[in-house]
Each structure stands twice: as C-alpha cells, then as structure tokens.
Amino acid sequence: MENQRLKASEVKENHSLADLLARLGYEPVKRVRNEQLYLSMLRDSDTTPSFSVNDKKGTWFDFGEGKGGNIIDFGLLYWPGVPFYEVLEKIVSTCSGIVPGISPPFNYRRQPRVEKEPNYEILDIKDLGNNAAILNYLESRGVNTVADGRLKEIYYYVEDDDKKRSNFFAAGWQNEQGAWEIRNLHFKGCLGHKAISFIPNSEKRLAVFEGFFNYLSWLTEYPFAPDSVLVLNSLSLLQTGITRAQDFREVSLYFDNDPSGRQATLDFKAALPHSIDRAGIYAGYNDYNDLIVAERVNLQLGR
C-alpha cells in the first residue's frame, strides 16, 4: 500500500515552529510574554531581533519583511524554490527525525492535540465607516473605494497569560469557516481557523489570490470583471485552492513575486496546466497591492 501524502493540517497541528527553529540552529534572543524574538533567519541584514514567534498560537511574524503566518508559510520562505509537498516533508523530518515515505504516515504525532480556549474574543463587528483609523489604513493601501461591503470593522480583545485584556480593532475579511483575517497598520493575523474565501460569479473563469488586499487591488482596476474569485488567505491552503479551481476552464493566478509566491505558481500550474500566471501585471513589485500603493503615491505627487 502506498503511503499517504502528508496533510498540511496535520503538519500545522502537530509540529512546533520553535522546535523547528531550534533544530535548524536558531535560538530566541529574548522572550516577551508569549512571544519569542529571533534575529530573522529570512534576511541576512537583521541586527536586532525582528522575527517574532508565538508558539502557543503556532504563528510568526517578520517585522522586517512585513510577513507572517504558520509553520508551513515559514517553510515556504525558508526553503525557496522547494515544492509545497517537499516543504511539508522537510518540516516533518527536521522536527521528528522521520523521513516520510519510509515510516508509516502520520506516526509523527508527538502527543494528542489538546484544544485550547482562544485567548481572544470578538466584541463587535460593524460596517466600514465608523472608525477613521481603519478607513485611513485602507486608503493608505489604495483599496478604500472597493472595501465597502467586502470588509468589516472588527473589535476584539486579546488576553495574556495573566488574564490581562487589551482591546484592538482592525479591518476584517471573512473566510469560509466564518473566521476573520484581520489587518491594521501594526498587525496581521486571523481570529479563528484559517480557510479560503470563495466569491462565486462566472462558472468558467476564476481569479486566484494569496491575500485579500491583492484581490481588492485587482478589483480597483477591474471592478466589473466577471470572474469568480478565490483568496487562499495562506499559501498553506494551496492544495485546497487547487482542488476548488479544478472545475474552471480559465484560471488566472495573481501570486506574489517572491520565492514562495513563484513556487506556489509553479505548483498550481503543475496541477492545473491551463492556469495562467498573471504576476507580470505587477512586475517590479512584490504583489498587486504594492503596485496600487505605488500608483497612489505617484498620483499624489503629481507625477
């Protein structure tokens, strides 16, 4: 019997990013409450700890890169150019010393998963227009004209280990599980379980994006596009996206022009050869939103 392929959900749930980093030779420079701070291993120029890991949540954020995610998102950046499934295998073999394909599948589970109570609670969800700071943030990202009706204002608190609560607000984008991808000037994350977001329209054409800001950026230029839309919300959901896209005849990919985005494009096209890479539209920029922001700045400068 052939061994089953590793599942991204199993890898995320049963492997610790802090453990992976330790096995790769990286130790935190300091700890602040639930956060472990490292010199970034994704950049050679880091001289102060700017790579933060919250192992309790299974998340990380690189303040120098402005990127974050889960253990798989990290693996895709740490091993650029490596196919998605090989990244999963590298994570498992590095953490557990087990080489997938030799040991029985999924025997790498170190301990039963224990569901933890979330350390946050959503207090209120409002339509856009009540919070000037959120509107200003969306304007700075160049998507304020298309955000209304697609994003919400999310008000929530986060509780630390001492039960101290801090209140926050952010722009929110909902995924298929009812969870919220949240963004503000200082933070990006997800309140709830990660999942894709799908907006049905055309039965033949599909536009695929990594994140919702890139979708909104595309929408500012193509407000009447007939395509159905798929937002992955994380490259760790790439296989889910491929499965959802396979019924469409025309699939346009708008992934980032960074190593993980380029690899995701290759993996997507390998699975669905009729997919079209559209990243040339924002060539010279990391993603579609960077292009929109640059165009906004140039317009303000009168160029």
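Reader: Which residues of helix H8 (residues 238–245) are buried?

Author: A residue counts as buried under 20% relative accessible area, as exposed over 50% and as partly exposed in between, with a 1.4 Å probe and protein chains only. Helices are DSSP runs of H or I with at least four residues, strands are runs of E with at least two, and both are numbered from the N terminus. In H8 the buried residues are Leu-238, Gly-241, Ile-242 and Ala-245. An α-helix has 3.6 residues a turn, so residues three or four places apart point the same way. Seen down the axis of H8, the buried residues fall within an arc of 100°, so they line one face of the helix; the arc is that of the directions from the helix axis to the C-beta atoms.

Reader: What should I keep in mind about the origin of these values?

Author: This is a predicted model, in which local features need pLDDT of at least 70 and side-chain atom pairs count only at pLDDT 80 or more, while totals for chains, interfaces and linings use all residues. Residues are numbered from 1 along each chain as its sequence is written, and side-chain values use heavy atoms, with hydrogens and water left out. The pLDDT is the predictor's confidence in each residue, from 0 to 100; the mean for the chain is 85, and 89% of its residues reach 70 or more. Over residues 97–117 the pLDDT is below 50, and this stretch has 38 contacts in the model beyond near neighbours in sequence, a contact being heavy atoms within 4.5 Å.

Reader: Why is helix H7 (residues 212–221) described as largely enclosed?

Author: In H7, 8 of the 10 residues are buried, so the helix is largely enclosed by the rest of the structure. Among the buried residues of H7 are Phe-212, Phe-213, Tyr-215 and Trp-218.

Reader: Which strands pair with S3, and in what sense?

Author: Two strands pair if DSSP finds at least two bridges between them. Strand S2 (residues 35–38) runs antiparallel to S3 and is joined to it by 3 bridges, with Tyr-38 having Phe-51 as its bridge partner in S3. S3 and strand S4 (residues 59–62) also pair in the antiparallel sense, over 4 bridges, and here Val-53 has Trp-60 as its partner in S4. The hairpin of S3 and S4 has 4 residues between the strands, and Gly-58 takes a positive phi near 75° in it. Both faces of S3 (residues 51–54) are covered, with Phe-51 and Val-53 buried on one side and Ser-52 and Asn-54 buried on the other.

Reader: How many aromatic pairs does the structure hold?

Author: A pair of aromatic rings is described by the distance of the centres and the angle of the planes. Rings of Phe, Tyr and Trp (its six-membered ring) pair if their centres lie within 6.5 Å, and planes under 30 degrees apart count as stacked, over 60 as edge-to-face and the rest as tilted. The structure holds 24 aromatic pairs. The rings of Phe-51 and Phe-74 have centres 5.8 Å apart and planes at 65°, so this pair is edge-to-face. Phe-51 lies in strand S3 and Phe-74 in helix H3 (residues 71–78), so the pair ties together parts that are 23 residues apart in sequence. Trp-218 and Tyr-222 have ring centres 6.3 Å apart and planes at 35°, so that pair is tilted; Trp-218 is buried at 4% relative accessible area, whereas Tyr-222 is partly exposed at 38%.
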